[in-house]
Amino acid sequence: MSIKKSAAVALVAALGVTGLAACGAEDGEKAAGPSGAPAPKTVTLVSHDSFNASNEVLAAFTQQTGFTVKVLKSGDAGEAVNKEILTKGAPQGDVFFGVDNTLLSRALDNGIFVPYEAKGLDRVPAAYQLDKEHRVTPIDSGDICVNYDKKYFADKKLAPPVTFDDLAKPAYKDLLVVENPERSSPGLGFLLGTAAKYGDDGWQDYWSKLKANGVKTVDSWELAYNQEFSGSAGGKKAKGDRPLVVSYASSPPVEVLYGEPQPKEAPTGVSTGTCFRQTEFAGLLNGAKNPEGGKALIDFLISKKFQEDMPLQMFVNPVAKDAALPELFTKHGVVVDKPETMAPEKIAEKRDPWIQQWSSLVLK
């Protein structure tokens, strides 16, 4: 989900689970149409590496529209957005999925999308619709939050932290590992969350406290979660010794789904007062060769069928009001009632200076 390679999906990869790279034939024109009809045309979806959808759902799109989806993965979200900026007007595909609110202004300012108001958009709450010109359509949301190792805190008879303030307390000294916001999506989201919480002039003091309290910084989510964090399957194998990590609110359900043997309860929890809300969008690319197919695909991405498929494919939350979450999420996930948020315009203005300030403060 954000600039991002979705950490939840990266967790699936770390556990050896592979997903769908594309639906149908490599060349859509070679695929057979429904009921012997002429072969359907191809619509190309460009996305970050973490896009995933079930064969059944993408086949339903083909049956409904006559278009076969070809998925072109282009690295993490930041890399994928930059590629589309460089090819503006002559895009790699028809629709781009995966730009989130931390990078949205960069994509819009560079004109890589053209306006399209999707059918069914009235089912998506206005809070997710950040572009009034409908150059992008909200598809999913998720929360970047600190995760904790339940066993560690139970063994120590120590209550896990709940809020940003808690993380700076002496009781949690040398326990937290975070990602570098210059290199990592969850790292950037966590930095933005602290800026939203403590303000433009207050987050630096907060990070000074975290540094004094022994926070550890690594370059990627994979290193933080699967090497340093003691609560994950990967971290246990690597003998990680940090029981607090910046990850996603959806990480506990993933640990349950792919645990061997599957646990009755998630081994990790979420500090719900440390969360920053991410929303991912899709847009019709400027210069798309198949704009008709692109519009149909965007409509489908917010359909109930696709929205209900997403949680167990990409471990994100649907944005459509009529889409239900699977039991895995309702039983083992958490609801973040008051995540930190920030306007894309402010992120655009502050993102790079804040990252530079963070580097000078934390890495030196």
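The legends below describe views of a predicted model.

**View 1. The chain as a whole.** The chain of this predicted model has 364 residues, of which 57% count as buried. Its secondary structure consists of 15 helices and ten strands. The accessible surface comes to about 15300 Å², and carbon and sulfur atoms hold 50% of that area. Among contacts with a separation of 6 or more, 77% are between residues 24 or more positions apart.

**View 2. The disulfide between Cys145 and Cys275.** The sulfur atoms of Cys145 and Cys275 are 2.1 Å apart, and the two residues form a disulfide. With a cut-off of 2.5 Å between cysteine sulfur atoms, the count comes to one disulfide. Cys145 belongs to strand β5 (residues 137-149) and Cys275 to strand β9 (residues 268-285), so the pair ties together parts that are 130 residues apart in sequence. The torsion about the S-S bond of Cys145 and Cys275 is about 115°, and the disulfide is therefore right-handed. Both Cys145 and Cys275 are buried.

View 3. Ile139 counts as buried because its relative accessibility is 0%, and the cut-off for buried is under 20%. Neighbours within four places in sequence aside, the contacts of Ile139 include Phe97, Glu280, Phe281 and Ala282. Leu301, Ile302, Phe306, Gln307 and Met310 are also among them, as are Asn317, Pro318 and Val319.

**View 4. Ile139 and Gln129.** Ile139 and Gln129 are ten residues apart along the chain. Their C-alpha atoms are separated by 9.8 Å.

How values were computed. Residues numbered from 1 in each chain as written. Predicted model: local features only at pLDDT ≥ 70, side-chain atom pairs only at ≥ 80, totals over all residues. Heavy atoms only, no water. Helix = DSSP H or I, 4+ residues; strand = E, 2+ residues; numbered from the N terminus. Buried < 20%, exposed > 50% of the residue type's maximum accessible area, 1.4 Å probe, protein only. Contact = heavy atoms within 4.5 Å. Areas by Shrake-Rupley, 256 points an atom, 1.4 Å probe, with all protein chains shown as cover.
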